[in-house]
Amino acid sequence: MRLLPLASAIILGLLTGCASTTPAPSAGAKNILFFLGDGMGVSTITAARIYAVGENGQLALDTLPYSASVKTYSRDAQVTDSAAGMSTYMTGVKVNNNVLSMSGETIAAAPLADANGNKQVSACTNGAPAPTLLELARRRGQAVGVVTTTRITDATPAATYAHACHRGAESEIAAALVPGGAGYNGALGDGVDVILGGGSRAFIGAGKGGKRADGRDLLAEMGARGYRVVTDSAQLTSTTPRAGQKLIGLFAPANLSFEALRDPAKEPGLAEMTSAAIAQLSTNPNGFFLMVEGGQIDVALHATNAKRALQETASFDQAIATAIARMQVIDPGLKHTLIVATADHDHSLQINGYSPRTGKTTAEAPGVLGLARNMDGKLRLDAEGMPYTILSFGTGEHREPGSRASAAPLTDAIVAADDYHQEAAVRSGKGGEAHGGANVFLGALGAGAERFHGTIENIAVFDLIRGASGL
């Protein structure tokens with residue numbers, strides 16, 4: 001089943017506040033930068049702060065002057081997945097898990113597989129598309145861009161530009177980006193201006209190392225339609241921003257590498273991609289909409305690899321800092337720019353008490369990645385007399401079978417290693433740590449940022465951004 005075309009806008013307003021304390025709305029923001037830390041719950045932000053700058057340090061996230069606590073449940077579940085979570089932000093519609101930017105009643109339908117077992121075609125026969133913030137910005141003549149450290153066809157980025165009954169239909173999702181091609185999302189006008197991330201395999205066939213079964217080379221098609229196609233950091237850096245230029249850079253077949261493992265010559269970092277996107281999008285005098293996802297935060301958390309998750313959160317935070325600095329030059333005082341940073345959902349990462357303050361993690365000291373200790377420096381022990389980590393997970397793949405007393409005692413060197421997987425209370429399959437259902441942090445800066453305050457539904461974020469920007 002093809003991806004559905006854009007339907008009429010779904011009008012949804014959901015936020016009330018006390019008139020005596022709500023500031024008057026600011027002038028409209030013509031530049032909107034939406035940062036999404038995938039799975040970046042409050043405990044992940046806190047642990048990343050301690051890891052990167054110490055307990056009393058400050059992340060860029062901490063400098064955002066307005067904030068809200070966001071409820072994240074989806075239409076059909078207490079705990080959302082990324083498809084439903086991001087779709088709700090982008091459309092203002094509560095959708096079912098696995099659904100991408102469709103009407104609320106849409107039922108998720110698993111994509112059909114081709115002869116090679118690759119998920120290709122959506123079995124969608126229900127629901128209607130819900131307009132996204134990116135599409136509304138394009139309708140107003142603004143430039144639009146999507147940046148991610150995961151596949152550009154993964155759930156979070158896809159929710160900005162595609163409509164599908166299941167997030168797994170990545171071949172169809174990729175086709176939605178090709179102007180004039182079969183399956184193109186016409187609501188994108190002449191196309192998304194900047195597309196940067198991973199996931200080239202959904203754009204090319206098996207003969208070129210991809211997974212498409214229809215024989216199309218979407219990157220070649222996009223090149224023929226005026227896109228500059230780049231494949232490594234040098235090509236991205238050498239791209240000169242100019243009005244009307246369209247840019248796509250897919251730097252890996254699937255997700256990009258973790259920040260600590262990437263080859264800078266091959267894969268640009270998130271801050272670098274964010275800066276390049278801003279440079280190109282800001283050539284449009286009507287302003288722009290840019291979505292930036294720190295998607296590898298979620299990947300590391302699912303694997304219960306806390307160190308990688310904290311490194312990815314710090315990288316995401318650096319991208320926010322870079323964007324703020326760039327936009328202050330383009331729009332001094334951010335009088336016409338709104339920056340919003342949040343997460344789609346939480347994870348089960350927890351910070352166990354009551355260790356003394358450690359300061360940031362260094363080569364000599366594990367910091368928050370180390371073992372839990374008493375105030376006198378001695379190890380804290382569990383009921384079986386064994387040491388345990390400051391960070392652990394509610395669910396995850398690493399849990400000692402039977403008594404932990406039968407295993408070798410943990411050490412700081414073991415638990416602070418690059419690929420150590422923290423222990424979990426409930427054993428899951430490999431990579432199967434589950435999302436958490438707690439509220440997430442949202443921070444805002446710039447024109448209209450004062451609208452974000454209190455505890456809000458995730459559907460309200462869409463309306464608040466529209467109210468601040470006039471989309």
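Is T304 buried or exposed, judged by its relative accessible area? In this predicted model, T304 is buried, because its relative accessible area is 0% and buried means under 20%.

## Backbone features in the loops

T304 is found in the loop between α9 (296-302) and α10 (306-330), and although T304 is not a glycine, its phi is positive, at about 55°. Most residues other than glycine have a negative phi, and most peptide bonds are trans. S101, which lies in the loop between α2 and β3, is another residue other than glycine with a positive phi, in this case near 50°. S101 counts as buried because its relative accessibility is 0%.

A cis peptide bond runs from G353 to Y354, with omega near 5°. Y354 is found in the loop between β12 (349-351) and β13.

K94 is found in the loop between α2 (82-91) and β3 (112-113), and K94 counts as buried because its relative accessibility is 15%, where the cut-off for buried is under 20%. The side chain of K94 reaches the backbone oxygen of Y73 at 2.3 Å, and a polar contact of 2.9 Å joins the side chain of K94 to that of N458.

Leaving aside residues up to four places away in sequence, K94 touches T72, Y73, S74, R75, T88, G104, E457, N458 and I459.

Strand β8, residues 246-250, is mostly covered, with five of its five residues buried. In a regular strand the side chains alternate between the two faces of the sheet. In β8, K246, I248 and L250 point one way while L247 and G249 point the other way, and all are buried.

Strand β6 (residues 194-198) runs parallel to β8 and is joined to β8 by four bridges, with V194 standing opposite L247. Strand β7 (residues 227-230) is also parallel to β8, again with four bridges, and here the bridge partner of R228 in β8 is L247.

## The second largest pocket

The second largest pocket has a volume of about 290 Å³. Its lining comprises 15 residues, of which R399, R404, E423, A424 and A425 lie nearest the centre of the pocket.

By class, the lining of this pocket has five nonpolar, five polar and five charged residues. Two strands, β13 (391-396) and β14 (424-427), each supply at least two residues of the lining.

Key. Residues are numbered from 1 along each chain as its sequence is written. This is a predicted model: local features need pLDDT of at least 70, side-chain atom pairs count only at pLDDT 80 or more; totals for chains, interfaces and linings use all residues. Side-chain values use heavy atoms; hydrogens and water are left out. On a 1 Å grid over the protein atoms alone, a cavity is a set of points where a 1.4 Å probe fits but cannot get out, and a pocket is an open set with protein on both sides within 12 Å along at least five of seven lines; lining residues have an atom within 4 Å of a point. Grid points are joined across faces, edges and corners, and a volume is the space filled by probe spheres set on the points. Ala, Val, Leu, Ile, Met, Phe, Trp, Tyr, Cys and Pro count as nonpolar, Asp, Glu, Lys and Arg as charged, and the others, Gly among them, as polar. Buried means under 20% relative accessible area, exposed over 50%, partly exposed in between (1.4 Å probe, protein chains only). A polar contact is a pair of N or O atoms within 3.5 Å; within protein, one must be able to donate a hydrogen and the other to accept it, and residues adjacent in sequence count only if both atoms are side-chain atoms. Contact means heavy atoms within 4.5 Å. Two strands pair if DSSP finds at least two bridges between them.
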